[in-house]
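Hi,

Here is the structure we talked about passing on. Please have a look at it, then read my notes below.

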Amino acid sequence: MTAPVRVLVADDQSLLRGSFRVLVDTTPGLAAVGEAGTGAEAVESARRLRPDVVLMDIRMPGMDGIEATRHIVASPETAGTRVLILTTFDLDEYVYGALRAGAAGFLLKDTSPDVLLEGIRTVAAGESLLAPSVTRRLIAEFARLPHAHHRHHTQDLPLRDLTEREREVLVLVARGFSNSGISEYLHLSNGTVKTYIGRLLSKLRARDRAQLVISAYESGLVSTAHPSPAHPSAGPPADG
């Protein structure tokens, strides 16, 4: 038998924390290992309990979920812990900040239990929880907002070290293409696409696919002014 996915629930509302914990504990293959009511508690609990996944609220007293995420992702003690952000608004600038801090993805608090549980499993498996439509809408929205983080010039980022093909793949990742979609669009095998994704993660020092998307927008390689290529097929969201 495989070990259950160990989950830490961080939310400043005790009722929600309890509800999430019960949901996790009553699901085969998952186990709630603790709760936290503040960002500081989430960081301390993550270091002590070493969960596989942290369900992280953004708006908490003191240290917020973004800063807590940054601490958890950066610490060698919790290098194997993945953070799944829970938020009230799907176009909340805090979500953008959380992804930049290293979160593996995000879900709305009013999502269905089945979607939440599947999200935990997806993040625990090392994937990013960013469906193509959400990726395009979220990142493009904040790339254009005046209060968004300032973009860097492409030449100031490791993008200058990418090959032409790697740039093509990065653009398609930023546009929300799945690996199978990239494979079909560029007439490459799925294995070759995964190899390119791995090279991009290494060259751009990105933790996961979500950070690749952010790098593409912040560098100016992709912007809302450039029309998105038509999807050859919907494909599964953000695979690999």
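Helix H7 (residues 164-174) and helix H8 (residues 179-186) cross at roughly 130°, with their axes coming within 10 Å. Angles over 145 degrees would count as roughly antiparallel and 65 to 115 as roughly perpendicular, so H7 is oblique to H8. The crossing is right-handed. H7 contributes Arg-165, Glu-168, Val-169, Leu-172 and Val-173 to the contact, and H8 contributes Ile-182, Tyr-185 and Leu-186. By class, that contact has six nonpolar and two charged residues, and no polar ones. Bear in mind that this is a predicted model.

Now the sheet. It is open, has five strands and pairs in parallel, in the order E2-E1-E3-E4-E5. Strands E2 (30-36) and E5 (105-108) are the edges, each pairing on one side only. Neighbouring strands are turned by 25° against each other on average, direction ignored.

Two of the pairings in detail. Strand E1 (residues 5-10) runs parallel to E2 over six bridges. There, Val-7 stands opposite Ala-32 of E2. Strand E3 (residues 53-57) pairs with E4 over five bridges, also in the parallel sense. Val-54 has Val-83 of E4 as its bridge partner.

How many residues of strand E4 (residues 82-87) are buried? Six of six, so to speak: the strand is mostly covered. Arg-82, Leu-84 and Leu-86 are buried on one side, and Val-83, Ile-85 and Thr-87 are buried on the other.

Last, helix H2 (residues 39-49). H2 lies across E1, E2 and E3, and runs at about 160° to E1.

Best wishes

Definitions and conventions. Residues are numbered from 1 along each chain as its sequence is written. This is a predicted model: local features need pLDDT of at least 70, side-chain atom pairs count only at pLDDT 80 or more; totals for chains, interfaces and linings use all residues. Side-chain values use heavy atoms; hydrogens and water are left out. Axes are lines fitted to C-alpha atoms, for helices over the stretch in contact, and angles run from 0 to 180 degrees between N-to-C directions. Helices (H or I, at least four residues) and strands (E, at least two) are DSSP runs, numbered from the N terminus. Angles under 35 degrees count as roughly parallel, over 145 as roughly antiparallel, 65 to 115 as roughly perpendicular and the rest as oblique. A crossing is left-handed if the near helix is turned anticlockwise from the far one by less than a right angle, and right-handed if clockwise. Contact means heavy atoms within 4.5 Å. Ala, Val, Leu, Ile, Met, Phe, Trp, Tyr, Cys and Pro count as nonpolar, Asp, Glu, Lys and Arg as charged, and the others, Gly among them, as polar. Buried means under 20% relative accessible area, exposed over 50%, partly exposed in between (1.4 Å probe, protein chains only). Two strands pair if DSSP finds at least two bridges between them.
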